[in-house]
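Hi,

Here is the model I promised to send over. Have a look at it first, and then read my notes below.

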Amino acid sequence: MIAVLRPLLTLLGLLLLWQGIVWLFALPPYILPAPHRVALALVEHAGLLFREATVTVAEMLLGLLFGTLLGASAALGLLVSAVARRWLLPLLVASQAVPVFALAPLLVLWFGFGMASKIMMAMLVIFFPVAMALYDGLRRTEAGWLDLAHVMTADLPQHRLRILRHIRLMAALPAFASGLKIAAAVAPIGAVIGEWVGASAGLGFRMMQANARVQTDLMFAALIVLAVCAIALYAGVDAITRRLLRWQPDSHASLLADKNS
Amino acid sequence: MPVDSLSPVAPNPPAFRLEGTGFAYGRHAVLAPFAFDLGTTETVAILGTSGCGKSTLLRLLAGLLPGIHSPWADKAAWMAQQDLLLPWLSLLENVLLGARLRGEPPDTARARNLLARLGLADRANALPAALSGGMRQRTALARTLMEDRPLVLMDEPFSALDAITRIAIQDLACGLLADRAVVLVTHDPAEACRLADRIFVLTGQPAGLQQIAALSGPRPRDPLDPALLPILRSIHGALKLAAGVA
């Protein structure tokens with residue numbers, strides 16, 4: 001019971017703090033609107049916010065899908081090809097030195113004001129954590145398992161793909177799951193940055209519009225919807241990876257779990 | 001000093017002539033050239049101090065050393081000190097791993113039968129994490145037998161188990177491996193005396209094989225049999241000599 005109440009109590013505490021700051025500093029609504037004003041804006045603009053949210057969520061999901069596919073392909077390419085390791089790996093690492101946000105205007109220029117440029121943006125931020133996490137996981141297969149597979153298949157080349165699939169890939173799943181969770185956490189950043197730079201729809205676009213018109217309450221409402229979408233995305237990915245990794249004993253969960261609840 | 005004790009080796013047609021040209025890690029020669037015959041149903045134990053090269057010898061036979069082709073690799077099954085069970089597969093799926101990796105249809109009935117003979121019939125669908133160390137190593141034994149190869153290479157397969165569990169699994173393994181040729185690498189002289197037909201000690205730098213004893217009679221032997229005492233003594237002598245603490 002207390003486990004259900006705890007996040008609600010935390011939320012209530014944060015709302016009280018927010019209200020307290022508004023009162024204490026007597027802030028005008030266009031600087032920091034009180035919680036009830038934001039709640040009113042949420043209700044008033046519910047339809048609009050829902051439409052914008054569907055755009056942003058679609059961008060996040062498609063970015064996550066394509067970014068993960070691209071990242072996983074790169075990881076597999078790095079694993080099987082020494083040429084890829086020599087040429088692609090330094091390029092990958094160097095590419096992360098370029099701030100992806102600086103590329104946003106270019107992406108909008110090349111891919112237009114529609115969803116494509118935002119999906120590209122999300123892909124760019126998702127690709128790297130997925131590729132690196134999976135590549136690391138694929139390289140760290142327990143040596144004994146590979147020895148065993150080596151003897152079982154007499155090291156015949158026609159069986160190597162099955163060793164990759166049944167042992168290396170499965171053993172890399174926990175690392176891949178970590179990469180995927182980071183990707184889920186950064187996907188909203190990619191989509192919203194893309195929308196800030198140039199868009200005609202989406203929560204990020206609506207926030208910029210509201211900001212320009214000093215509709216600070218609407219801006220906060222859009223921010224809350226965005227946060228809820230981002231948390232839902234993360235929770236969804238977390239649930240899927242947990243399901244895939246049911247075999248993995250989760251020692252951390254028992255550390256965090258409260259024995260009294 | 002080789003000690004021929006008890007009676008000569010029981011007649012046993014040699015099935016394998018296991019030999020190697022030695023092995024070096026870089027400039028450091030680990031293993032001298034070696035050769036020995038192994039009967040179709042014979043168990044040979046190889047003893048040695050830690051780091052003497054006995055695992056290297058077994059890996060050489062299994063084709064696990066880089067750049068060295070082993071002509072026995074496709075006739076051998078491998079069992080290591082760790083159970084090497086894949087944590088995402090059930091016991092049954094782990095026992096069937098070889099077929100899965102070779103793309104062969106799985107012989108589920110035989111796998112279940114093997115698990116049953118090792119007392120794991122009701123755990124066939126459990127994940128390895130839910131089992132004790134002894135049960136996991138019994139599953140590893142079932143997986144080794146499932147491979148159905150004439151030569152079984154065992155690298156200290158029982159050394160991570162407690163004494164009582166170890167004796168129980170030694171008995172099981174001895175019965176189930178009776179019709180195969182076995183090379184058992186171990187650091188435990190008592191285990192060698194219980195399970196082996198012939199006992200070698202790996203000594204020297206680089207390490208070479210020295211036959212210590214040839215034993216007869218049914219296996220597994222009673223570890224408290226006084227007739228084994230002189231053999232244990234000569235193994236200890238050879239091992240101490242090898243370790244330089246004579």
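The strands (E, at least two residues) and helices (H or I, at least four) are themselves DSSP runs, numbered from the N terminus. This is a predicted model, in which local features need pLDDT of at least 70 and side-chain atom pairs count only at pLDDT 80 or more, while totals for chains, interfaces and linings use all residues. Residues are numbered from 1 along each chain as its sequence is written, chains are lettered from A and ligands numbered from 1 in the order in which they are written, and side-chain values use heavy atoms, with hydrogens and water left out.

**The sheet in chain B**

Chain B has an open sheet of six strands with mixed pairing, and the order across it is β6-β7-β8-β5-β9-β10. At the edges are β6 (76-79) and β10 (208-214) of chain B; each has a single partner strand, so one side of each is left without a neighbour in the sheet. From one strand to the next, the twist averages 20°. For angles like the ones below, axes are lines fitted to C-alpha atoms (for helices over the stretch in contact), and the angle between N-to-C directions runs from 0 to 180 degrees.

Further in, β5 (residues 43-47) and β9 (residues 198-203) of chain B run parallel and are joined by four bridges. One place to look is B:Ala45, which sits opposite B:Ile199 in β9(B).

Still in chain B, β2 (residues 23-25) and β3 (residues 28-31) pair in the antiparallel sense over three bridges. B:Ala24 has B:Ala29 as its bridge partner in β3(B). The two strands β2(B) and β3(B) form a hairpin with two residues between them, and B:Gly26 in the turn has a positive phi of about 65°.

The one joining B:Gln205 and B:Pro206 is cis, with omega about 0°, and B:Pro206 is in the loop between β9 and β10 of chain B. Another cis peptide bond joins B:Arg219 and B:Pro220, with omega about -5°; B:Pro220 lies in the loop between β10 and α8 (229-243) of chain B.

**The helices of chain A**

Chain A has 11 helices and zero strands. Its C-alpha atoms fill a box of roughly 75 × 55 × 30 Å along the principal axes.

Helix α8 (residues 160-197) and helix α10 (residues 216-244) of chain A pack at an angle of about 160°, with their axes 9 Å apart. That makes α8(A) and α10(A) roughly antiparallel to each other (angles under 35 degrees count as roughly parallel, over 145 as roughly antiparallel, 65 to 115 as roughly perpendicular and the rest as oblique). By class, their contact has 12 nonpolar, one polar and two charged residues (Ala, Val, Leu, Ile, Met, Phe, Trp, Tyr, Cys and Pro count as nonpolar, Asp, Glu, Lys and Arg as charged, and the others, Gly among them, as polar).

Helix α3 (residues 46-80) of chain A packs with α8(A) at about 140°, the axes being 8 Å apart, and α3(A) and α8(A) are therefore oblique to each other. The contact of α3(A) with α8(A) divides into 14 nonpolar, two polar and three charged residues.

A:Ala154 is in the loop between α7 (143-152) and α8 of chain A.

**Where the chains meet**

In the interface, 19 residues of chain A are in contact with 24 residues of chain B. About 2,000 Å² is buried between chain A and chain B, with carbon and sulfur atoms giving 74%; buried area is the accessible area (1.4 Å probe) that two parts lose on being put together, summed over both. In chain A, the residues that lose the most area to chain B are A:Val151, A:Met152 and A:Trp247, together 34% of what that side buries.

Cheers

Notes. Two strands pair if DSSP finds at least two bridges between them. Contact means heavy atoms within 4.5 Å.
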